[in-house]
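Open the model in your viewer and keep the sequence panel beside it. Each stop below says what to select and what to look for there.

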Amino acid sequence: LRRIQTPLIVERLRFICGAEGISAGNDALLAVARGAEGGMRDALSSLDQLISFKGDVLTEEDVLAVFGLVSLKSLESLAEAILKGDMAAILKLVAVFDSAGKDMRRLVVELMEHFRNLLVYQFVGEAMANLDVTPEQIRVLADQAGLAEPARVMQIADQLGEMEGRLRYALSVRTLIEMSLIRCARLARAVSLDAVMKRLQE
């Protein structure tokens with residue numbers, strides 16, 4: 001099935017909700033699009049089910065609960081904690097997600113996508129508007145782009161990819177995620193060889 005960009009799905013869902021008299025904020029519609037993973041049919045089916053369960057007022061919390069997703073803001077906060085090397089914040093967020101029954105494997109996949117988007121932003125900047133991100137996401141990427149060098153972001157993405165491959169065999173998913181994210185945080189704050197050489201020269 002052909003994947004449709006998230007902003008286009010959100011736009012179509014907003015049109016349908018307007019036509020049907022459904023009240024749904026942008027965050028709620030974005031959560032539906034995230035849950036559908038680029039499938040317009042899946043997004044429409046999920047919207048229909050949500051309306052059946054929740055009526056004509058949909059909130060982001062309603063959608064997140066159905067899909068087991070974390071909010072986009074929470075996901076971005078976790079990424080920022082990794083980039084800043086804030087171990088305490090990382091462990092606290094993972095604990096909150098796990099206790100709330102969130103889909104931890106899906107969390108890792110979306111975190112990988114976030115760091116992929118961050119790496120792309122570091123190379124192409126505002127031209128990302130043509131890719132599968134919303135204007136709000138681009139603003140967050142712009143804020144986070146200066147927190148780590150592209151090489152570090154690439155290493156973090158590689159570490160997340162390795163973790164994603166190991167999740168299916170993990171006895172404790174939470175423990176594996178915690179340890180891997182701590183490694184990612186250490187990668188983000190590690191001093192590069194170029195920086196060491198520069199300091200030595202100075």
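**Stop 1: Val57**

Select Val57, which is found in strand β2, residues 57-58. This is a predicted model. Val57 has a relative accessible area of 45%, so it counts as partly exposed. Show its surroundings. Setting aside residues up to four places away in sequence, Val57 touches Ser23 and Asp62. Now draw a distance from Val57 to Phe123, C-alpha to C-alpha. The two are 40 Å apart in space and 66 residues apart in sequence.

**Stop 2: Thr6**

Go to helix α1, residues 6-20, where Thr6 is found. Is Thr6 buried or exposed? Its relative accessibility is 9%, so Thr6 counts as buried. Display its contacts, leaving aside neighbours within four places in sequence. Thr6 is in contact with Leu30, Ala33 and Asp132.

**Stop 3**

α2, α5 and α8 each supply at least two residues of the lining. Which helix gives the most? That is α2, with five residues.

**Stop 4: a pair on α5**

Stay with helix α5 and select Glu80 and Lys84. Their side chains meet in a salt bridge, 2.7 Å from N to O. Both residues lie in α5, four residues apart, or about one turn of the helix. An α-helix has 3.6 residues a turn, so residues three or four places apart point the same way. Glu80 counts as partly exposed because its relative accessibility is 30%. Lys84 is partly exposed too, with a relative accessible area of 46%.

**Stop 5: helix α7, end to end**

Select residues 104-124, which make up helix α7. The helix has 21 residues. From its first C-alpha to its last it reaches 30 Å, close to the 30 Å expected at 1.5 Å a residue.

Look at the start. A side-chain oxygen of Asp103 reaches to within 3.2 Å of the backbone nitrogen of Arg105. Then jump to the other end. Just after α7, Gly125 takes a positive phi of about 65 degrees.

Next, show the side chains. Buried residues in α7 include Met104, Leu107, Val108, Leu111, His114, Phe115 and Tyr121. Arg106, Glu110 and Asn117 are also among the buried residues of α7. What covers them? The cover for the buried residues of α7 includes α2 (26-36), α5 (72-84), α6 (87-99), α8 (135-144), α9 (150-166) and α10 (173-189).

**Stop 6: the charged network**

Zoom in on Glu110. It forms a salt bridge with Arg34, with the closest N and O atoms 2.4 Å apart.

Glu110 and Arg106 are separated by about one helical turn because they are four residues apart in α7. Why does Glu110 count as buried? Buried means under 20% relative accessible area, and Glu110 has 9%. Arg106, at 14% relative accessibility, counts as buried too.

Display the three side chains together. Arg34, Arg106 and Glu110 are linked in a network of salt bridges. A search of the whole structure finds seven salt bridges.

**Stop 7: the largest cavity**

The largest cavity holds about 30 Å³ of space. Gly68, Leu69, Val70, Asp103, Arg106, Leu107 and Glu110 line it. Asp103 is the residue whose side-chain oxygen you saw at the start of α7.

Terms used. Residues numbered from 1 in each chain as written. Predicted model: local features only at pLDDT ≥ 70, side-chain atom pairs only at ≥ 80, totals over all residues. Heavy atoms only, no water. Expected span 1.5 Å × (residues − 1). Buried < 20%, exposed > 50% of the residue type's maximum accessible area, 1.4 Å probe, protein only. Contact = heavy atoms within 4.5 Å. Polar contact = N/O pair within 3.5 Å; in protein donor to acceptor, adjacent residues only side chain to side chain. Salt bridge = Lys/Arg side-chain N within 4 Å of Asp/Glu carboxyl O. 1 Å grid on protein atoms, 1.4 Å probe; cavity = no way out; pocket = protein on both sides within 12 Å on 5 of 7 lines; lining within 4 Å. Points joined across faces, edges and corners; volume = space filled by probe spheres on them.
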